[in-house]
Amino acid sequence: MVTWTTSHATPPGVREPNTLAIVEFDLDGSPVRALGQCTTDDVAVGDTVEPVYVPELRDPDAGIRERESQRWDGYRFRPVE
Amino acid sequence: MTRFGVRDGWVMDLLAEAGGDCIADTGIGPDDIEHLYVSNMASGEFEGQTGVPNALAHDLGAIPAYTQRVDQTSSSGAAGIYAAWQSVASGASDLTLLVGGEKMTHRTTGQATDVIASLTHPAEYKHGVTLPSFAGLTARHYLDRYDAPREALGHVAVKNHRNGVDNPNAQFRKEITLETALSSPMVADPLRLYDFCPVTDGAAALAMVPAEHAHSYADTFARVTGIAGATDTHVVHERADPTHMGAVAESGREAFGMSGHDHADVDVVELHDMFTILELMQLEALGFEEPGEAWEAAMDGRTARDGELPVNTSGGLKSKGHPLGASGVAQVVEVYGQLLDEAGDRQVDADVGLTCNVGGFGNCVTTTGLEASARAMPGPGTPTGPRWTPHPTPEGPPPPPPPPSARTGANPSRRSTSRHRRRRW
C-alpha cells in the first residue's frame with residue numbers, strides 16, 4: 001500500500017466513510033498501480049493487500065453518471081498478514 | 001468580479017453582473033465586443049442552464065459578437081484566458097470579453113462533489129473517488145515521503161484565511177488559528193475541513209485587447225507576457241510520482257519561456273489552492289521551490305503577504321472561494337489589481353505576477369504570466385484597466401509611464417531584496 005485516505009464526505013451512492021488506497025503490484029517484474037476501496041478502515045502504508053471482488057462498488061442509480069455508461073463491479077483491497 | 005460566496009442569483013445573473021461591471025469599468029460599448037468567451041464547467045449539471053454564451057451576449061447587448069463556452073473543469077477560467085488571448089493574438093478579435101462563473105451552493109455538498117467527481121476516470125468514479133479523496137491520498141504520501149509536519153498544511157490555510165480578511169469579495173473573511181485548522185473535522189484523512197475550499201457562487205470578467213490598442217481604453221493596464229497550458233493523465237494514480245504535478249511543470253516552463261521572465265522576477269503569485277496540499281505541490285512544480293521543500297516556505301512565512309514571494313494574496317480558492325469557471329479569471333483579476341496598485345489593504349510591491357489554474361487533480365493546467373503596463377512592451381493579449389481614456393487615440397503617442405508609486409518609492413530596499421531573493425529551480 002503506497003498511500004490511503006478515509007473520505008468522510010462522500011457523494012450520493014457511495015458508502016461513508018469510504019477508505020481508499022493506492023496500491024502497487026508487481027506484474028512480471030514491473031510495478032503497476034491501482035486505486036480502489038479497502039475492505040476495512042484499519043490500514044497502513046506498507047500493508048500487503050489482496051483483491052476481493054465486489055459486484056457493485058457504489059449505487060449506480062444515486063450519482064450523476066448514467067448506470068449504463070460504465071461498469072460498477074471491481075475489487076476492494078484487503079490487508080493480509 | 002462579483003462577491004464570491006452564497007449568492008441569491010443564478011448563473012446567468014452572476015455572469016451578467018461580472019460582465020456588466022467589466023464593461024462599465026473599461027468604458028467599452030457592448031456592441032464593440034468582437035469575441036465573448038464564457039468559462040463555465042457545469043451550468044447544465046448544476047441548474048439546467050445551457051447555451052450560456054449566447055444568453056450572456058443577449059443579456060449584455062453584445063450582439064453580434066462571436067461567442068464560445070470554455071469548459072476545462074476547475075481550470076475553465078484560465079482556459080478561457082488562453083482562448084481570449086489567442087483570439088487577440090491571432091488577430092481574430094480586437095476586443096474580447098471573458099466572463100467566468102458558476103452557481104453551486106443550491107446543491108448539497110455531496111451533489112456538488114459528485115458533479116465535480118464526474119470528471120474522473122470510470123475506474124476511479126465507481127470506487128467513489130472524489131477530488132478531496134485524491135487530496136487526502138496525495139497529502140499522506142507527500143508528508144510521509146518528505147517527512148513534512150502536518151502543521152505545514154495548516155499554515156497554508158491560516159495564511160490564506162488571513163489574506164481573505166482583506167478581500168471584500170472573499171467568501172470567508174475571518175482569520176483562523178493553526179489550532180482551529182488542525183482540530184477541524186476530518187474530511188479526507190489526513191486532511192481536515194480547513195484544508196479544503198468551499199462550495200461557491202460567483203463570477204469574474206476581463207477585457208482583452210491588443211497591447212498597441214490598450215492605451216485607447218486605459219491609462220494603465222497589465223499585459224499577458226506568457227501563457228501556456230498542458231494536460232496530464234486522466235487516471236491520476238498512473239502518474240509516476242504522485243507528488244509531482246507534471247502539467248503544472250510543463251505549462252509553467254512554457255509560460256516562463258514565453259515571458260522572458262525568470263522566477264526571481266515574479267513578485268506575486270495566485271495558485272490553485274483547492275486543497276492546501278496543492279499550493280505546496282504547485283510551488284514545487286513551477287520551480288519556485290525544490291521538490292519536497294515547499295512545506296518549509298509555508299512554515300517560515302516566505303509565502304505570506306510580507307514574505308519573499310506572496311502567494312494567494314486574494315485569500316486563494318481556500319478563503320475567497322472556488323466557483324469553478326470563475327476561479328482562473330479571478331486569479332488574474334487579483335494579480336491585475338496587484339500590478340496596478342489597486343489591491344487595497346492586501347497590496348504588495350509587484351510589477352510581475354503569475355497565476356496557475358488547475359483542473360481535476362492536475363489533469364489540465366494553464367499558467368499565465370502578467371506584467372504591469374509601465375514595463376510592458378507592445379504585444380498581444382492585454383487585460384484592459386478600469387480607467388478609460390475618454391477620447392481614444394489609437395495612433396497617438398502613449399501617455400508617459402506613471403510616476404513611481406509611494407509604495408515602491410518608500411521602500412526601495414524591499415524591491416532590491418525581492419530581486420535577489422534565493423530561488424531554486
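This briefing describes the pockets, cavities, nonpolar cores and aromatic pairs of the structure shown above. The model is a predicted one. Its largest pocket holds about 540 Å³ of space, and its largest nonpolar core has 63 residues. Over all chains there are 10 aromatic pairs.

**The largest pocket**

- The greatest contribution is that of H5(B), with 5 residues.
- Sorted by class, the pocket lining comprises 18 nonpolar, 6 polar and 2 charged residues.

**The cavities**

- The structure contains 3 cavities of 30 Å³ or more.
- The largest cavity has a volume of about 130 Å³. Among its 13 lining residues, B:Thr138, B:Val236, B:Arg239, B:Pro242 and B:Phe361 are nearest the centre.
- Helix H7(B) provides the largest share of the lining of the largest cavity, namely 3 residues. By class, that lining has 8 nonpolar, 4 polar and 1 charged residues.
- The second largest cavity has a volume of about 50 Å³. Its lining includes B:Thr225, B:Phe256, B:His261 and B:Leu354.
- Helix H11 (246-259) and strand E9 (352-359) of chain B each supply at least two residues to the lining of the second largest cavity. That lining is made up of 5 nonpolar and 5 polar residues, with no charged residues.

- In soluble globular proteins, nonpolar side chains tend to be buried together.
- The largest nonpolar core of this model has 63 residues, of which B:Tyr142, B:Phe275 and B:Phe288 touch the most other members. Helix H7(B) gives the largest share of this core, with 8 residues.
- Another core, of 30 residues, lies apart from the largest one; its members include B:Leu206, B:Ala222, B:Val333 and B:Leu339.
- Beyond its neighbours within four places in sequence, B:Phe275 is in contact with B:Leu131, B:Pro132, B:Ala135, B:Asp195, B:Phe196 and B:Phe361.

**The aromatic pairs**

- A pair of aromatic rings is described by the distance of the centres and the angle of the planes.
- Of the 10 aromatic pairs over all chains, one joins A:Phe25 and A:Phe77; the pair is tilted, with 6.3 Å from centre to centre and 55° between the planes.
- This pair connects distant parts of chain A: A:Phe25 belongs to strand E2 (residues 18-27) and A:Phe77 to strand E5 (residues 74-80), 52 residues apart.
- A:Phe25 counts as partly exposed because its relative accessibility is 33%, whereas A:Phe77 is buried because its relative accessible area is 4%.
- In chain B, the ring centres of B:Phe134 and B:Phe361 are 5.7 Å apart and the planes lie at 35°, so this pair is also tilted.
- Ring pairs join B:Phe134, B:Phe196, B:Phe275 and B:Phe361 into a cluster.

Note on methods:
Residues are numbered from 1 along each chain as its sequence is written. Chains are lettered from A and ligands numbered from 1 in the order in which they are written. This is a predicted model: local features need pLDDT of at least 70, side-chain atom pairs count only at pLDDT 80 or more; totals for chains, interfaces and linings use all residues. Side-chain values use heavy atoms; hydrogens and water are left out. On a 1 Å grid over the protein atoms alone, a cavity is a set of points where a 1.4 Å probe fits but cannot get out, and a pocket is an open set with protein on both sides within 12 Å along at least five of seven lines; lining residues have an atom within 4 Å of a point. Grid points are joined across faces, edges and corners, and a volume is the space filled by probe spheres set on the points. Helices (H or I, at least four residues) and strands (E, at least two) are DSSP runs, numbered from the N terminus. Ala, Val, Leu, Ile, Met, Phe, Trp, Tyr, Cys and Pro count as nonpolar, Asp, Glu, Lys and Arg as charged, and the others, Gly among them, as polar. A nonpolar core is a set of buried Ala, Val, Leu, Ile, Met, Phe, Trp, Tyr and Cys residues joined through side-chain atoms within 4.5 Å. Buried means under 20% relative accessible area, exposed over 50%, partly exposed in between (1.4 Å probe, protein chains only). Contact means heavy atoms within 4.5 Å. Rings of Phe, Tyr and Trp (its six-membered ring) pair if their centres lie within 6.5 Å; planes under 30 degrees apart count as stacked, over 60 as edge-to-face and the rest as tilted.
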